[in-house]
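Colleague: I am new to this structure and would like to be walked through it. Could we begin with how its helices pack?

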Amino acid sequence: MGAKMFGARVARLEDPALLTGRGNFTDDIHLPDFLEAAFVRSPHPHARIAAIDAAAARAHPGVHAVLTNQDLPSELRHATVPFQVPNPAISQPLQQRLLESEEVHFVGEPIALVMAESRYVAEDAAALVSIDYEVLGAAGDCRRALDAGVAPAHSLSENNECAKFTVGYGDVTTAFADPAQVFGVSLWTHRGGGHAIENRAVVARFDELHNLVTMWSATQSPFLVKQNVVDMLGWNSDELRVVAPDVGGGFGPKTVYYVEEALMALVARLMGRPVKWTEDRRENFVATNQERDQYWDVEIAVEGDGRIRGVRGAMIHDTGAYMPWGIISPYISATTVPGPYIIPAYELETRVALTNKVAVTPVRGAGRPQAVFAMERLLDRAADGLGLDRAEIRRRNLIPAEEMPYSLGLIFRDGKPMTYDSGDYPQCQAVALAKANYDSFRDRQQAAREDGRHIGIGLANYVEGTG
């Protein structure tokens, strides 16, 4: 008999060390003679930089270096973050520089880097860097950012639309023609973040003998970080080694690459000493990539019995000041809307807006929860309008098991058709309703009200499709 693979219990190997305090995180790494870093970051969402004076910071006791854009090697002063996922729908593929010297585009954008004997000294010296700003108009809300006459998030841009695309299938016009009953919702899903227990952190050490920088980073993607660092700095691949120690939470923001990682690798090599930067909580709030901010205006056409004829609408997505991950998040949102339901016709127009906020990249679900929210609210609205139970309208529209594998008619972000390979969605819903005692909920709700308590119950179906 061979080993049992499917259904076998897999023992977790990391728990004993972490639960007994023997984890080894990036900030736990202490190398001999290392320096610590602090960043000077923009306090303005949008401003032109007229002058930077770092003389006082450089003269501060314990400071070993203060780097601005002009202190970088000349070939790196205008180097930008490598574009991860190109797409022809993108019209303004704007990317961040290592250190900004001309115009800042979000609160928290790095302008200068201080290296000192300790983080305390580095922070004190960073406060001495004097920057002359000309504050510019800022784009704060992605919906208003697309209006004519609104201040551009980048002064050289003509407008704040950086991408536009439409996904769909079927005959939407016919689906919404009489005798369809149409219901609509307007939704706003606000920004959020990962906010792990451990913030971002980087330690770097240069081995001159082997011309090798070893970098420890609190990242979920060490191979991606390595590729981006060497691409941005123009190094050979064998000049950098990236190690991911224990990571105290990731949730998506630690999947992507940041300029701080390239800067720490570069400074270690330039100074010939080990260096460390650990993000503090305030930096995490303003400088670590966040998620979403989307406005949805969508409507659903249904038959009198609640069966879906079509879904259509528009969505506006906030990408922040830059596009390090292209249109991955809004595209996933747009292609997730149909979920586990039979929808004969579907069309969604998506516009991606530049704003003066930290960049938006995938976070826990990468756009899927927002799409599910929009679809489920549409079904609630239709159920209420038709006088149907909210569970019943879902049951009538779920893809039955006998239609698996089920092709949605959409192309996923990897360029492949979206197909659900298996599943029994009606049965899954039936089991969930039974376990929740759904049929008796109204009685329990009334009893609770008589007792002075208010209880509710919600319904949502979710399926993750792949190419």
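Modeller: In this predicted model, helix α6 (residues 222-233) and helix α7 (residues 259-271) pack at an angle of about 65 degrees, and their axes are 9 Å apart. Axes are lines fitted to C-alpha atoms, for helices over the stretch in contact, and angles run from 0 to 180 degrees between N-to-C directions. Helices (H or I, at least four residues) and strands (E, at least two) are DSSP runs, numbered from the N terminus.

Colleague: How are α6 and α7 oriented to each other, then?

Modeller: They are therefore roughly perpendicular, a word used for 65 to 115 degrees; angles under 35 count as roughly parallel, over 145 as roughly antiparallel and the rest as oblique.

Colleague: Which residues of α6 and α7 make the contact?

Modeller: From α6 come Val225, Val229, Met232 and Leu233, and from α7 Val259, Glu261, Ala262, Ala265 and Leu266. Contact means heavy atoms within 4.5 Å. By class, eight of these residues are nonpolar, none is polar and one is charged. Ala, Val, Leu, Ile, Met, Phe, Trp, Tyr, Cys and Pro count as nonpolar, Asp, Glu, Lys and Arg as charged, and the others, Gly among them, as polar.

Colleague: What about α9 and α10: at what angle do they cross?

Modeller: Helix α9 (residues 328-336) and helix α10 (residues 368-386) cross at roughly 35 degrees, and their axes come within 8 Å. Ile332, Ser333 and Thr336 of α9 meet Arg368, Gln370, Ala371 and Val372 of α10. That contact divides into three nonpolar, three polar and one charged residues.

Colleague: Which strands does α10 lie across?

Modeller: α10 lies across β8, β13 (291-302) and β14 (308-320), and runs at about 145 degrees to β8.

Colleague: In what order do the strands of that open sheet come?

Modeller: The order is β7-β15-β14-β13-β8, five strands with mixed pairing. Two strands pair if DSSP finds at least two bridges between them. At the edges are β7 (161-169) and β8 (181-192), each pairing on one side only. Neighbouring strands are turned by 10 degrees against each other on average, direction ignored.

Colleague: How many bridges join β7 to β15?

Modeller: Eight bridges join β7 to β15 (residues 346-354), and the two run antiparallel. Tyr169 stands opposite Tyr346 in β15.

Colleague: Changing topic, how do β16 and β17 pair?

Modeller: β16 (residues 406-411) and β17 pair in the antiparallel sense over three bridges, with Ile411 opposite Pro417 in β17. Their hairpin has five residues between the strands, and Gly415 there takes a positive phi near 85 degrees. Strand β17 (residues 417-420) has a covered face, Met418 and Tyr420, and an uncovered one, Pro417 and Thr419.

Colleague: Is Thr214 buried or exposed?

Modeller: Thr214, in strand β10 (residues 212-217), is buried, with a relative accessible area of 6%. Buried means under 20% relative accessible area, exposed over 50%, partly exposed in between (1.4 Å probe, protein chains only).

Colleague: And what share of the protein's residues count as buried?

Modeller: Of its 467 residues, 52% do. The protein has 13 helices and 17 strands.

Colleague: What should I keep in mind about the numbers?

Modeller: Residues are numbered from 1 along each chain as its sequence is written, and side-chain values use heavy atoms, leaving out hydrogens and water. Local features need pLDDT of at least 70 and side-chain atom pairs count only at pLDDT 80 or more, whereas totals for chains, interfaces and linings use all residues.
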